[in-house]
Amino acid sequence: MHELVLAGGTPFSVQLNLLTPLFDGIANGAAYGLLGLGLVLLYKSNGIFNFAQGEFAMIAAIVTYVFDSGTGVLPNLPFFVAALLGVVAGVLVALITERLVIRPMFNRAKVILVVGTVGVALLLIGVEGLLPYPKTEQLPDIGTVLGVRPYVAKVDQIPIADQDVAKIVMLVVLAIAAYVFFRYTRTGTAILAVSQDSTAARVVGISVERISAISWGIAGLLGGVAGILLAVPPQGTLTPGAFTGSTLIVAFAAAVLGGMTSLPGAFVGGMGLGLIEAFANADAAFVPGLRSVANGQAELAVFVVLILVLLVRPRGLLGQES
Amino acid sequence: MTQLLEVEDLRAGYGSVPVLQGVTFSVAEGETAVMFGLNGAGKSTTVNTIAGLLKTWGGKVTFDGEVISGLPASEIVKRGVSLCPEGRRVFPQLSVRTNLELGAWTNRSVQAEQLERVFGYFPRLEERSAQMAGTLSGGEQQMLAIGRALMSKPRLLLIDEASLGLSPKLTQTVFQVVDQINDDGTTVVIVEQNVGVLPYADQALVMQKGTITFDGRGEALAKTGDLRAAYLG
């Protein structure tokens, strides 16, 4: 291990300071990627940014919590059953959003639909606030649920958390599943067709309404899985609007960085931004005293990289030319 | 001769603006009908309403003895009516082959057989089957749009502005293929502004201001002044 001593006499480990942000970056990147995946799916299918995606995730997390802990008159169910109900709730909320907000405005300008999703997000945050559950609670992490140690392994004394591994595995599985769905299934192809020209899709006999419901249902499912994996210790919370207020904005940036039309791009963009953020933050730890001088370098780094990538490659890293 | 398509006092429009003011005509099975008229006469509105893309305000459309007006577009395609829309409207970021396969969305059992048929009419599409549809030339996109409409094996093919934006030579090629499609048993209704299609027409229709002002045999239209009146007033 290399030890350096600064002028002030503070020793630190170069190796330690590279591994910590690496693991943190991958873990946070998985969170951005998970939310970003749902965003990309709806962009591919409807051509809109869905600002309600964070709340689909939060509803799923809340429903999982209340059934897992048996809040009020609800039964105390095994975690995985509660999680299944949570995902179902995420899908239902997404389907209701599609039926009551998106479908009636289907032929309106896309910007109106986007504003509609902002309205849905705000409405859901309000509804969550009214629900009787402890708002500061968290969901158990996967290690607690399975009754195993909280980390898979340690590298140079730094634990690799079970939950982070679960997030990454789920992100990879969902990204591959979504890619295969669009590439190889008729319904996936129909979703792409509707997104490219909904009138032409009607002409060949595709029910645009049914396809819209399917894509929103899948977005709800992706959001639900993301919510259950993200509302865990240490940073996760069940506070209404928490995902929308923090993770969703970076997830949008991740989806744009990866390419809004590319599902694997959500993975790449999420990981990329997670790592940039973590290393930019690590810089403050790396140079003692920097944090007292500069703050917000992570956010700055994320958006500087995003703008640079978009200037050089406007369609994002893996996006297709449109 | 059996009437395959019967349109009776059809009324439709956009928003609160009426376009079709009571359109009535019928097309016999196995024939090619050509509908002429100026821009805004209601030709596209008529075929779009028949195909279920626009709501029927009044009147009815009967296909093979059954009323289809009011049914969703997907159901109308299933029953054997297919539209090749104005402006081609191919799926630009999907391959030629995928565009064609989507044409058989409602009738997957005929996909392989129809794909062979379409490639027979348009060998160029087979050569370019892996290419993105958006990268095709205008003429090739028109071929793809007609081919896609044939993929569901329709009994009635509606073609809106087949020659729009095509060179005279390519226009003739498209008209000849449409004639071949008709000879192979598909009833065709073509909306056109190009009178060069008239030799291929069994029946001619002229539309003015949302109504049919001429309905007769193709050769009869050439002799009357109705076509001149429709275009020159």
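Let's begin in chain B, where B:Ala33 has B:Gln203 in E9(B) as its bridge partner. Strands here (E, at least two residues) and helices (H or I, at least four) are DSSP runs, numbered from the N terminus. E3(B) and E9(B) run parallel and are joined by four bridges. E3(B), residues 32–36, also pairs in the parallel sense with strand E8 (residues 187–191) of chain B, again over four bridges, and there B:Val34 stands opposite B:Ile190. Two strands count as paired if DSSP finds at least two bridges between them.

Before going further, a word on what you're looking at. This is a predicted model, in which local features need pLDDT of at least 70 and side-chain atom pairs count only at pLDDT 80 or more, while totals for chains, interfaces and linings use all residues. Residues are numbered from 1 along each chain as its sequence is written, and chains are lettered from A and ligands numbered from 1 in the order in which they are written.

Back to that strand: is E3(B) enclosed or open? Five of the five residues of strand E3 of chain B are buried, so the strand is largely enclosed by the rest of the structure. Both of its faces are covered, with B:Thr32, B:Val34 and B:Phe36 on one side and B:Ala33 and B:Met35 on the other. The burial test counts other C-beta atoms, placed from the backbone, within 10 Å of a residue's own: 20 or more is buried, 12 or fewer is exposed, and in between is partly exposed.

Chain B also has an open sheet of four strands, in the order E2-E1-E4-E5, with antiparallel pairing. Its edge strands, each pairing on one side only, are E2 (17–28) and E5 (66–67) of chain B. Further in, strand E1 (residues 3–14) and strand E4 (residues 58–63) of chain B pair in the antiparallel sense over five bridges. B:Glu6 is a handy place to look: this residue is in strand E1 of chain B and stands opposite B:Thr62 in E4(B). B:Glu6 touches B:Ser26 and B:Thr62, leaving out residues up to four places away in sequence; a contact means that the two C-beta atoms, placed from the backbone, lie within 7 Å. B:Glu6 counts as partly exposed because it has 16 C-beta neighbours inside 10 Å.

Most residues other than glycine have a negative phi, and most peptide bonds are trans. B:Arg88 is not a glycine, yet has a positive phi of about 70°. B:Arg88 sits in the loop between strand E6 (81–84) and helix H3 (96–103) of chain B, and counts as buried because it has 24 C-beta neighbours inside 10 Å. B:Lys209, also not a glycine, has a positive phi of about 45° and lies in the loop between strands E9 (203–208) and E10 (211–217) of chain B. Over in chain A, the peptide bond from A:Pro233 to A:Pro234 is cis, with omega near 5°. A:Pro234 belongs to the loop between helix H9 (208–230) and helix H10 (242–258) of chain A.

Staying with chain A, its secondary structure comes to 13 helices and four strands. Buried residues make up 48% of the chain.

The largest nonpolar core has 86 residues, and A:Leu34, A:Leu35, A:Leu37, A:Ala61 and A:Val225 have the most contacts inside it. Such a core is a set of buried Ala, Val, Leu, Ile, Met, Phe, Trp, Tyr and Cys residues joined through C-beta atoms within 7 Å. Helix H1 (residues 14–46) of chain A gives the largest share, 12 residues. A second, separate core of 82 residues includes A:Ala193, B:Ile50, B:Ile76 and B:Val77.

Where the chains meet, the contact takes 15 residues from chain A and 20 residues from chain B. Helix H7 (186–196) and helix H8 (198–203) of chain A each supply at least two residues of chain A's side.

Finally, confidence: pLDDT is the predictor's confidence in each residue, from 0 to 100. Chain A has a mean of 86, and 90% of its residues reach 70 or more.
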